[in-house]
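My plan is to look things up one by one and jot down what I find.

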Amino acid sequence: MSSDLRYTRNIGIMAHIDAGKTTTTERMLYYTGITHRMGEVDDGAATMDWMVQEQERGITITSAAITTFWKHGGDDYKINIIDTPGHVDFTVEVERALRVLDGAVAVFCAVGGVEPQSETVWRQADKYKVPRIGFVNKMDRSGADFYNVVAQIKDKLGANPVPLQIPVGAEDSFKGVIDLIEMKAITWYEDDKFGTNYELSDIPSEYLSEAQQYRAKLIESVAECDDTVLEKFFEDPESITQEQLFDAIRKATLTMTIIPVMCGAAFKNKGIQRLLDAIVRYLPSPADVESVKGINPKNNEEIERRPLESEPLSALAFKIATDPYAGRLVFLRVYSGVIQSSAHVLNIRSGKKERVTRLYQMRSNKQLPKEKVGAGDICAIVGPKDLRTGDTLCDDKSPILLESMIFPEPVLGVAVEPKTQEDVDRLGMALAKLAEEDPTFKVQYDESSGQTIINGMGELHLEVIMDRLKREFKVECNQGAPQVAYKEAISAEVEHREVFKKQTGGRGKFADIQFRISPADEGVTGLQFIDEVKGGNIPKEFIPAVEKGFRESMDNGNLAGYPLDNMKVVLIDGTHHPVDSDALSFEIAAKQAFRKIYEKTRPYLMEPVMSVEVVTPEEYMGDVISDFNKRRGLIEGMENKAGARVIKAKVPLAELFGYVTDLRTITSGRATSTMEFSHYEKVPPEVSKKILESTKGVKNTV
């Protein structure tokens with residue numbers, strides 16, 4: 001096996017829920033020899049879905065990493081596959097996987113086509129400039145339409161899909177594909193249930209003109225990226241060789257000029273070997289990817305690291321998982337240099353050196369110990385205690401800070417209460433571990449009610465967390481009704497002077513601050529703090545304490561105890577006492593001032609608004625729309641899709657509890673819906689009044 005980076009592929013499988021991602025991955029593992037029997041999502045036996053909840057629900061929750069090998073053209077290729085979730089509640093798992101991938105396979109359902117979550121993951125892949133191959137799966141299903149899916153990729157995703165294959169038959173009569181590069185028909189034997197053997201033959205006469213038409217489109221599309229093919233295209237298209245086409249398609253895929261599209265039926269074992277060939281042939285190796293850019297923490301200048309083992313170490317922690325046997329596993333993408341077992345590496349965020357006690361190559365939830373892992377590879381390490389998702393590990397002599405990941409704020413909370421005294425101790429430890437694994441899961445302690453509130457991205461997210469508490473950590477909990485994660489904001493500018501004096505027997509406390517408070521500038525979230533104090537009236541060492549006082553005050557607004565979205569504080573002036581003033585006095589002064597003037601800033605509530613998309617038969621459209629209107633929804637558009645209507649709307653999260661059940665009732669179970677967080681907006685006054693009345697006294701009840 002060559003250690004040459006050109007023979008490595010770091011790829012992800014991304015798609016909408018139920019497009020068949022995990023089944024496609026399972027087939028890849030079977031054909032590459034990692035598994036000797038085919039795991040089925042439907043049987044709850046998939047290799048990649050190793051969490052109990054994943055097997056029960058038939059969905060992928062965590063992105064599992066696995067290393068496998070594929071022989072192509074006489075060479076062995078190493079493929080690191082990351083299988084990502086399709087459900088919108090776990091979109092952060094997709095985000096962090098894409099951050100460290102070089103290429104991706106976008107799986108589309110031949111019946112459903114481009115669905116809402118496909119659009120979300122596509123945008124995420126665009127953000128990280130990840131080259132893609134399209135795979136239209138489930139060609140054997142009733143209603144399968146390859147050409148319709150290709151048209152949707154073009155129209156809905158704004159991409160340039162170029163079929164490399166066209167199907168022979170569809171639905172029950174799907175027999176195989178026509179390869180537009182070799183111009184041969186590939187037919188799988190019906191009696192070979194593992195799909196290992198297939199027959200190459202001439203194209204059936206009824207498909208010949210269509211195949212020639214699509215081959216011409218293919219050559220035309222890739223000719224723009226390759227001068228040799230372009231010249232031959234004008235002179236003699238027949239003289240273009242297969243190798244020249246392979247090279248041209250690879251160039252066009254790497255520059256994201258085209259999206260090569262293939263098709264098959266993973267469940268029926270058709271089309272996967274050819275997809276593996278396309279992965280190694282067209283998707284980038286770590287050597288094809290640009291050098292990774294980062295910041296030198298010593299001087300804040302931009303520096304680069306090439307994907308070479310001779311360069312200093314730079315690696316990004318993109319996921320943390322708790323393994324029942326190995327303990328705390330940190331998944332890393334190594335961008336440059338080499339990471340070795342028992343070596344010491346620098347964590348830039350904490351500034352500490354951490355020891356790598358063990359190093360693994362992953363086979364889903366099984367580990368293969370390694371002595372070292374080099375640039376361009378993906379691995380898991382055990383040892384570092386203070387590593388978080390998004391941290392950079394590097395050589396302490398050549399530090400580099402790679403761009404960290406930004407995670408969305410959770411929008412839904414639930415109060416949890418342990419059932420027994422034994423559960424009390426275990427709950428704290430379990431929640432800390434889960435929060436460490438998942439950056440979109442937050443835990444807070446509500447001092448006013450003495451309750452633990454867990455916050456997540458949606459009802460399913462919190463359901464899975466509760467399930468894991470029970471099964472993995474053996475913690476039994478009662479839980480309250482889901483609560484929306486509202487925020488508070490201020491709308492008026494106020495100037496104020498606050499003097500804090502406290503005289504006890506000995507040394508007293510004194511702080512005097514004058515400041516202006518207002519909404520933050522556009523586009524700024526959190527605290528925007530500006531120091532305009534002249535002449536040292538407040539010594540420099542006390543300024544951070546004032547900032548800290550205001551920042552901590554933002555955690556609990558005085559309107560209903562929700563955190564503030566943004567605030568601008570300009571510190572204008574103040575005075576200090578040479579003996580009685582200290583940092584704590586200035587921090588307390590800021591907190592007192594905030595509480596006193598909060599009412600004058602005209603605070604208001606903000607609520608999370610979701611983008612909802614419903615696919616419904618025509619006859620239920622009126623009922624679905626009128627239901628949205630009752631839920632304060634704003635209809636944004638309607639379109640036709642495969643004999644059904646698609647309704648898009650923006651709806652406040654508070655109005656969407658139990659929506660899936662209600663939608664089933666309205667449409668006799670024939671409509672489907674997806675939703676994802678869109679933005680925060682001001683709550684209307686009449687709704688705000690009800691919320692404030694309901695939150696008086698206690699925010700969450702179990």
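Which residues does Gln152 touch, not counting residues up to four places away in sequence? I looked it up: Gln152 touches Gly112, Gly113, Val114, Leu157 and Lys641, where a contact means heavy atoms within 4.5 Å. Gln152 is found in helix 5, residues 146-157. Gln152 is buried, with a relative accessible area of 9%; buried means under 20%, exposed over 50% and partly exposed in between, with a 1.4 Å probe and protein chains only.

**Ground rules**

I note that this is a predicted model, in which local features need pLDDT of at least 70 and side-chain atom pairs count only at pLDDT 80 or more, while totals for chains, interfaces and linings use all residues. Residues are numbered from 1 along each chain as its sequence is written, and side-chain values use heavy atoms, with hydrogens and water left out.

**The chain as a whole**

I found 16 helices and 38 strands in the protein chain. Helices (H or I, at least four residues) and strands (E, at least two) are DSSP runs, numbered from the N terminus. Of the 702 residues, 56% count as buried. I also looked up the contacts with a separation of 6 or more: residues 24 or more positions apart account for 71% of them.

**Aromatic pairs**

How many aromatic pairs does the structure hold? I get 12. Rings of Phe, Tyr and Trp (its six-membered ring) pair if their centres lie within 6.5 Å; planes under 30 degrees apart count as stacked, over 60 as edge-to-face and the rest as tilted.

I began with Phe318 and Phe331, whose ring centres are 6.1 Å apart and whose planes stand at 55°, so this pair is tilted. Phe318 belongs to strand 14 (residues 314-323) and Phe331 to strand 15 (residues 327-336), so the pair ties together parts 13 residues apart in sequence. Phe318 is buried at a relative accessible area of 2%, and Phe331 is buried at 5%.

Next I took Phe628 and Tyr659: their ring centres are 5.8 Å apart with planes at 20°, so the pair is stacked. This one links distant parts of the chain, with Phe628 in helix 14 (residues 621-630) and Tyr659 in helix 15 (residues 659-666), 31 residues apart. Both Phe628 and Tyr659 are buried.

I also came across a cluster, in which ring pairs link Phe146, Tyr147 and Tyr214.

**Charges over rings**

A charge sits over a ring if NZ of Lys or CZ of Arg is within 6 Å of the ring centre and within 35 degrees of the ring normal. I noted the charged end of Lys487 over the ring of Tyr680, 4.6 Å from its centre. Lys682 lies over the face of Tyr604, also with 4.6 Å to the ring centre.

**Helix 8 and helix 9**

At what angle do helix 8 and helix 9 pack? Helix 8 (residues 242-254) and helix 9 (residues 272-282) pack at about 75°, their axes 9 Å apart. Axes are lines fitted to C-alpha atoms, for helices over the stretch in contact, and angles run from 0 to 180 degrees between N-to-C directions. That makes helix 8 roughly perpendicular to helix 9, a label for 65 to 115 degrees; under 35 counts as roughly parallel, over 145 as roughly antiparallel and the rest as oblique. From helix 8 the contact is made by Phe246, Ile249, Arg250, Thr253 and Leu254, and from helix 9 by Val280, Arg281 and Tyr282.

**Two methionines**

Met621 lies in helix 14 and counts as buried at 16% relative accessibility. I find Met621 touching Thr616, Met638, Arg645 and Ile647, leaving out residues up to four places away in sequence.

Met466 lies in helix 11, residues 459-471, and is buried at 12%. With the neighbours up to four places away left out, Met466 touches Val416, Ile454, Cys477 and Gln479.

**Positive phi**

Most residues other than glycine have a negative phi. Met183 has a positive phi of about 55° although it is not a glycine, and is found in the loop between strand 8 (176-179) and strand 9 (184-188). Ser668 has a positive phi of about 55° too, although it is not a glycine.

Is Ser668 buried or exposed? Ser668 is exposed, with a relative accessible area of 53%, and lies in the loop between helix 15 and strand 38 (672-682).
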